[in-house]
Amino acid sequence: MLGALAAAWAIMRTIWRMDELQRRIQLDAIAMSFLGTALLTFAWDFAESTGLPHLRAFAVWPIMGALWWISGIVAQRLYR
């Protein structure tokens, strides 16, 4: 858990040091990744009744992290 706390602190420190445009890009990316993760996990829950394996909570962070990275690229292109 100490590593996770250190990572959270490093992310927040990086965001606090950004200028306004970079913060806006990160806000858009985080919002898109949050919504994408919510929709994916919600849909997966319904799909579990059709035979898909149970989605462990430990898998949610990699999903959100990947979507944050992809959303960051998309948001960055929107502000060019």
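Colleague: Where is the place of Ser71?

Modeller: Ser71 is in helix α3, residues 60-78. Helices are DSSP runs of H or I, at least four residues, and strands are runs of E, at least two, numbered from the N terminus. This is a predicted model: local features need pLDDT of at least 70, side-chain atom pairs count only at pLDDT 80 or more, and totals for chains, interfaces and linings use all residues. Residues are numbered from 1 along each chain as its sequence is written, and side-chain values use heavy atoms, without hydrogens and water.

Colleague: Does Ser71 count as buried or exposed, and why?

Modeller: Buried means under 20% relative accessible area, exposed over 50%, partly exposed in between (1.4 Å probe, protein chains only). Ser71 counts as buried because its relative accessibility is 8%.

Colleague: What is Ser71 in contact with, leaving aside its neighbours within four places in sequence?

Modeller: Contact means heavy atoms within 4.5 Å. On that basis, Ser71 is in contact with Ala29, Met32 and Ser33. Ala29 and Ser33 are among the buried residues of α2. Those buried residues pack against α3.

Colleague: How do α2 and α3 pack?

Modeller: Two packed helices are described by the angle between their axes and the distance between the axes. Axes are lines fitted to C-alpha atoms, for helices over the stretch in contact; angles run from 0 to 180 degrees between N-to-C directions. Helix α2 (residues 20-47) packs with α3 at about 135 degrees, with axes 7 Å apart. The two are therefore oblique. Under 35 degrees is roughly parallel, over 145 roughly antiparallel, 65 to 115 roughly perpendicular, and the rest oblique.
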